[in-house]
Amino acid sequence: MRLLHRSDTGEFNLTRFPNEAIPPYAILSHMWGADAEEVTFDDLTNGTGKDKPGYEKIWFCGEQAAQDGLKYFWIDTCCINKANKAELSQAINSMFCWYRNATQCYVYLSDVSTAKQKASDRPSKFTWEPAFRFSRWFTRGWTLQELLAPSSVEFFSRERRRLGDKNSLRRQICEITIIPESALQGAPLSAFPVNERFSWMQPRETKREEDKAYSLLGIFGVYVPPVYGEGTASAFKRLRKEISKLEQCMQDLHFTNPRDDKKRIEDTKGGLLKDSYRWILRNADFQRWRDDRQSRLLWIKGDPGKGKTMLLCGIANELTSSMAKIALLSYFFCQATDSRINSAIAVLRGLLYMLVYQQPSLVSHIRKKHDHAGKALFEDANAWVALSEIFADVLRDPSLKDTYLIVDALDECAIGRPKLLDFIVQSSCVSARVKWIVSSRNWPNIEERLERAGQKVKLSLELNAASVSAAVQVYIQHRVAQLTLNKSYKEKEKNAVLAYLTSNANDTFLWVALVCQDLGDIPRWKVLAKLEAFPPGLDALYNRMMQHISSSDDADLCKRILALIAIVYRPVTLDELTYLCEPLEDIADDLDSVRQIVGLCGSFLTIRSGTVSFVHQSAKDFLCTKAVSDVFPSGKKEVHRAIFLRSLQVMSKTLQQDMYSLGALGYPADQVKEPDPDPLAASRYSCIYWIDHLSDWNHGCSAHDRVPLQDQGPVDNFLRTKYLYW
């Protein structure tokens, strides 16, 4: 990239910088005059062009940049050697990136004067506003990306007087351009539908017809080499083809949306309470990681239930609000109970998805491999190798903004955790622009690998007990206030609950949450008598919950449900649960009753949006270790067997030809609309995971105990009768 700077003698000189060493710079957006009026690359190289009208704009940009403390600036008329076709092609495809990375963008409006009086009856705050609304700048094709890409855009009149910026003038700009306010304020352009982005260009014009397509490249995050003379139709055809490839790549990369996972986790835990996490913003270790360019890895560690996940949710929110326009933020929340989000590959896919969503140009690193391999790139035996190479290339990309990467619950990354830890350690040394935050339990094998990182900061929740205790106290007060409102506690009950929780919480958010959940089901007049029944400590509380289940009339059914939820590869819906758990099949059409039965399983389980999952990983850990004889009296393999056999039954019962009544072979998958009711609602889990449960049942079994795979056996019969439908 070439940049202009003014020498001590007042001359303007061009300096070329490699991508990795580009200094801070300002950039000019303007309307071109006639070709003969603009200062060109050759003019600056030969020391000519000072008598051209366009030289005034160079002076203006240089002076304004100097006032803003910037030594360098860029102007499209003279910083590109347009005689070099390769350089011109690269510049056209880099233009959006150059405007996005500029420290300041100055819009010089030669047709807006602050000297003129209002020439319109339209009410306006400024005398120049009518001229501003009708400026040619808003009708030109290239100025669309020049408006959207930079974080800071300032408007200047013909007299070089500042009119405002795209924030202070956003109301007028929205009315003029019909561009949503969120797009002007820095929302990722990929969040807007393709056709909507095309509509922003509709009323605009370009001097060369193909530029109407080429000026959209950055807005869609695609690379298209310009071919002047091909015509508008051909240029837009090639543009749409690249957009289609990009969309397919993003669809294939998408496995889960970490934003949705974060929202679901926050909702499951009762919402994010600001006062319970803001202590970390004042923590010396956190501030050292945030402020020191050399401190690139922060490891937050603590015992189960100490609030690590909500702490990271809060940090993510704070980084989003403070750095959204100048930095990228990508996060991933591992959950061992969900096979979609418990592997190292899933972590990289989720982080990449969020990065590319915010900075679409980064997709080029994925496209290099995806254009040849397709979706298999993310799913075959070499997926980790490919994804780790792609991720490393992204982190080395010179155009990458400052980037924050957050991975929660490394201990719940059940598949490939050692590889993921090694990758995080290695990539934390790649660039000072990239910072990591990870969290986990106090596991020695995690600490051993993270110790290899050179520039790291450790933040132990146990060593910050005072801060955590204060945060838990805030949480207790919040939950007791909710109970007081919902249960109409009087002062006596309120104070007793508050005192008991405070003295027994042991700085553990989860313990407080579980006790408060149970208190919500206890009548007010019984609260004082029941308080002492909640023992301090998570394991003791889980043990009490298990004893309560065992003594109930529905003990066997509750234990079967707990065993099933502990074994499945992802959280199941209520519809799926009714068919996987045989005793529930008779009430499959009464989901309210199923929901009540799940509620009998103590506070081990939670239901959100019709999906059943563990309230916390520690709950599953307890059932699978300390309560294993109660929950799995015949062993875990027996549960796999039951799920496998039930899956065969439900698939044989529900699968049929043309499940969604599409009426045609080869119907585009992205156009399929899920019917209501969905005929796959009950069997979707079984369709995907039945073979995994078969494998887990058979693995390690004696030949006598294995499921018969010979002819006429259950598997053979299913494949012969339902294979095509499956």
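What share of the 726 residues in the chain is buried? I get 52%, with buried taken as under 20% relative accessible area, exposed as over 50% and partly exposed as in between (1.4 Å probe, protein chains only).

Ground rules next. I'm working on a predicted model, where local features need pLDDT of at least 70, side-chain atom pairs count only at pLDDT 80 or more, and totals for chains, interfaces and linings use all residues. Residues are numbered from 1 along each chain as its sequence is written, and side-chain values use heavy atoms, with hydrogens and water left out.

Overall layout: I count 32 helices and 15 strands in the chain (DSSP runs, H or I of at least four residues for helices, E of at least two for strands, numbered from the N terminus). Its C-alpha atoms fill a box of roughly 95 × 65 × 60 Å along the principal axes.

Cavities: I looked for sets of points on a 1 Å grid over the protein atoms alone where a 1.4 Å probe fits but cannot get out. The structure has 1 cavity of 30 Å³ or more, and the largest cavity holds about 40 Å³, the volume being the space filled by probe spheres set on the points. Lining residues (an atom within 4 Å of a point) include Leu297, Trp299, Glu447 and Lys458. β12 gives the largest share of that lining, 3 residues.

Key. 1 Å grid on protein atoms, 1.4 Å probe; cavity = no way out; pocket = protein on both sides within 12 Å on 5 of 7 lines; lining within 4 Å.
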